Amino acid sequence: MLAILRKELSDHFTSFRCLILFLLVFLICGLTIYSAQQGIRSAGNEGFIFLRLYTTELQGVPFAFLFNFVNFMSLFFIPIIGIVLGFDAINRERSSGTLSRIMSQPVYRDSVINGKFLAGIIVLSLMMITSVLVIGGYGLRMIGVAPSAEEIIRIFIYLVYTIIFGAFWIGLSILFSILLRSLATSIICSIAIWILFSFGILVIAIGLGRESMETFQTILRFSPNWLFGQASSAILAPVVRTLGTISPAEMAYMLPNPLSLGQSLVLIWPNFTSLLSISIICFAVSYILFMRQEIRAI
Amino acid sequence: MNEKLAIETHDLTKTYDGTTVVDHLSFHVRENEVFGLLGPNGAGKTTTILMLLGLSEPASGSIHVYGYNPTREPLKVKRIVGYLPEEVGFYENLTTKENLEFIADLNGISPADTSRRIDEVLEMVGLTKERDMLTGKFSRGMRQRLGIADVLIKEPKLIILDEPTSGLDPRGINHLLDIIADLPGMGTTVLLSSHQLYQVQRVCHNVAILSKGKLVIEGSIDKLGREALAGGRYIIEVETAEPSTELVDILKKIKGVSGVEADGNILRVSTDSDLRSEIARTVVDSNVSLVQMKVHEFSLDEIYMKYFKEE
């Protein structure tokens with residue numbers, strides 16, 4: 001498996017598409033730093049200034065919620081990286097005839113798919129760690145407030161969470177690359193699912209959940225993107241006290257102070273486990289399909 | 001030739017969605033020979049090959065490749081067997097050397113050995129100059145030769161080539177066949193599948209002809225010709241200076257001759273064994289001048305045409 005992992009990684013790092021993705025990473029870093037610079041002073045004073053670098057929204061623009069790091073990552077960037085890294089994993093090998101060549105070497109069939117999946121996750125992790133560090137580093141210079149130990153732990157948890165979310169998208173796009181022979185169909189299917197989970201579901205939720213906030217929230221929870229978005233804002237913004245809806249009567253009893261790390265983790269735990277399980281299901285399905293597929297069918 | 005068996009199959013059967021693709025196929029390949037698996041497209045050649053490699057599971061029957069069962073121990077088989085698929089593909093963004101290095105890496109060959117073996121195999125297939133060229137720019141002939149190099153890099157005991165000559169020009173075919181013909185001398189057994197009979201005839205020691213998944217006939221090419229076309233008889237062509245009907249009658253009386261056919265100056269004598277000396281004596285004794293005499297060699301085409309005409 002190491003041989004395949006090595007080859008996949010060197011392929012990724014020398015490819016043009018990876019270069020574009022890294023450029024995109026820097027674009028997002030720039031955007032995040034810019035919104036932080038504009039908005040961080042007007043933010044409240046609940047502490048955790050350093051984390052605000054990642055959650056501050058760009059002020060005074062329509063759809064402002066899209067222009068912060070957390071939402072941008074959950075709705076756009078991670079799904080795109082996942083799709084780009086996985087959509088041609090198996091079908092390109094199949095169409096270029098290299099799959100049967102690899103399969104006739106003394107390697108287990110699962111090493112091929114494990115190697116590809118792992119290589120995707122490594123590239124994704126590198127991109128995420130880079131962007132978090134670039135924002136942190138530049139932000140540190142800009143605001144002059146050092147992160148506390150808890151903030152560093154929260155950022156670390158966020159990164160782990162990101163990688164699991166990315167694994168879902170890599171798994172999904174690899175699944176399509178196993179199911180569909182054509183590269184174009186495979187990428188279109190992945191993109192269709194991405195649009196559905198990012199925006200389609202929002203439209204549905206707005207349509208059906210006009211009367212009740214409860215319905216609105218429930219519908220959004222069917223989308224891994226929104227699940228991840230909610231959970232990541234809870235982990236990066238300790239002031240978020242609940243991911244559900246609360247009545248104005250209950251609101252009165254809420255203390256406007258940040259949650260402890262443990263309580264934030266309790267809050268995101270259901271999101272975390274459901275994301276982890278869909279990532280695992282997605283990978284398991286592709287794994288089983290690939291193991292059972294006849295190599296003959298070229 | 002060594003009598004040890006490289007491949008042995010017994011009643012091998014494979015069905016896809018209810019259709020039998022390979023039907024009770026039994027054949028064997030000896031070590032250090034070039035064995036041809038022949039048949040029209042869709043005869044089950046590729047399926048048989050995939051089963052030999054453990055890439056496809058037989059419905060019933062047994063296979064042994066150097067004593068290993070490919071279904072149970074695919075990795076052991078793949079370690080000693082090199083396979084060149086019909087549509088061989090390379091990573092087009094990598095150079096010749098990098099493509100070969102990847103395969104060596106998958107086979108767990110050490111980096112020091114890898115560079116030595118790459119030099120050797122590229123030398124053998126005549127691609128030394130293209131060592132650092134991207135394989136995306138290769139012609140079909142070069143790709144096939146690189147395919148052979150790719151298979152040889154792991155120093156296999158058995159090489160399986162699926163339609164290695166398809167799509168090549170005559171020069172490319174000759175070059176490839178020359179490489180294949182040299183392999184048994186290096187201690188490598190070759191199994192090659194083809195529907196191009198002439199080519200196989202040149203390099204194969206033994207052949208098996210498949211049709212609709214069934215083994216039609218197996219054996220060496222001259223034996224096949226006799227069995228298939230002349231019902232196990234020899235056909236001896238006798239050319240005389242002038243045709244003579246008396247000679248036909250005389251020849252028919254020789255013990256072992258079952259028939260004589262006249263075609264101008266040439267007489268075709270069917271016999272049970274090689275009776276050339278008796279025939280020569282008889283012809284000379286009857287005062288007819290003998291121009292030449294030879295045992296008719298059957299080409300694979302004739303064998304092939306005969307079998308597929310019957311269907």
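A charge is taken to sit over a ring if NZ of Lys or CZ of Arg is within 6 Å of the ring centre and within 35 degrees of the ring normal. By that criterion, the charged end of Arg154(A) sits over the ring of Phe48(A), 5.6 Å from its centre. The model is predicted, with local features requiring pLDDT of at least 70 and side-chain atom pairs counted only at pLDDT 80 or more, while totals for chains, interfaces and linings use all residues. Residues are numbered from 1 along each chain as its sequence is written, chains are lettered from A and ligands numbered from 1 in the order in which they are written, and side-chain values use heavy atoms, with hydrogens and water left out.

**Aromatic rings and charges**

- Over all chains, the structure holds 18 aromatic pairs; rings of Phe, Tyr and Trp (its six-membered ring) pair if their centres lie within 6.5 Å, and planes under 30 degrees apart count as stacked, over 60 as edge-to-face and the rest as tilted.
- Tyr161(A) and Phe228(A) form an edge-to-face pair, because their ring centres are 5.3 Å apart and their planes stand at 80 degrees.
- Since Tyr161(A) belongs to helix H8 (residues 149-179) of chain A and Phe228(A) to helix H11 (residues 224-236) of chain A, the pair ties together parts that are 67 residues apart in sequence; helices (H or I, at least four residues) and strands (E, at least two) are DSSP runs, numbered from the N terminus.
- Tyr161(A) is buried, with a relative accessible area of 0%, and Phe228(A) is also buried, at 0%; buried means under 20% relative accessible area, exposed over 50% and partly exposed in between (1.4 Å probe, protein chains only).
- One aromatic cluster is formed by Phe50(A), Tyr54(A), Phe69(A), Tyr158(A), Tyr161(A), Phe165(A), Phe228(A), Trp269(A) and Phe272(A).
- In chain B, the charged end of Lys14(B) sits over the ring of Tyr16(B), 5.1 Å from its centre.

**Pockets**

- The largest pocket has a volume of about 700 Å³; on a 1 Å grid over the protein atoms alone, a pocket is an open set of points with protein on both sides within 12 Å along at least five of seven lines, whereas a cavity is a set where a 1.4 Å probe fits but cannot get out, and lining residues have an atom within 4 Å of a point.
- Grid points are joined across faces, edges and corners, and a volume is the space filled by probe spheres set on the points.
- Of the 31 residues lining the largest pocket, Asn71(A), Gly229(A), Gln230(A), Ser233(A) and Val240(A) lie nearest its centre.
- H11(A) gives the most to the lining of the largest pocket, with six residues.
- The lining of the largest pocket comprises 15 nonpolar, 13 polar and three charged residues; Ala, Val, Leu, Ile, Met, Phe, Trp, Tyr, Cys and Pro count as nonpolar, Asp, Glu, Lys and Arg as charged, and the others, Gly among them, as polar.
- The second largest pocket has a volume of about 530 Å³, and of its 25 lining residues the closest to its centre are Asp11(A), Arg17(A), Asp88(A), Arg92(A) and Asn93(B).
- H1(A) supplies the largest share of the lining of the second largest pocket, five residues.
- By class, the second largest pocket is lined by six nonpolar, nine polar and 10 charged residues.

**Cavity**

- A search of the whole structure finds one cavity of 30 Å³ or more, and the largest cavity holds about 40 Å³ of space.
- The largest cavity is lined by Pro164(B), Thr165(B), Leu177(B), Ile180(B), Leu192(B), Ser194(B), Gln199(B), Val200(B) and Val203(B).
- H7(B) contributes the largest share of this lining, three residues.

**Buried residues and polar contacts**

- Gln105(A), in the loop between helix H6 (98-103) and helix H7 (109-143) of chain A, is buried at 3% relative accessibility.
- The side chains of Gln105(A) and Asn107(B) are joined by a polar contact of 2.8 Å; such a contact is a pair of N or O atoms within 3.5 Å, and within protein one must be able to donate a hydrogen and the other to accept it, with residues adjacent in sequence counting only if both atoms are side-chain atoms.
- Arg117(B) lies in helix H4 (residues 111-125) of chain B and is buried, with a relative accessible area of 12%.
- A polar atom of the side chain of Arg117(B) lies 3.0 Å from the backbone oxygen of Ile153(B).
- Helix H1 (residues 45-52) of chain B is largely enclosed by the rest of the structure, because eight of its eight residues are buried.
- Gly54(B), which follows H1(B), has a positive phi near 80 degrees.
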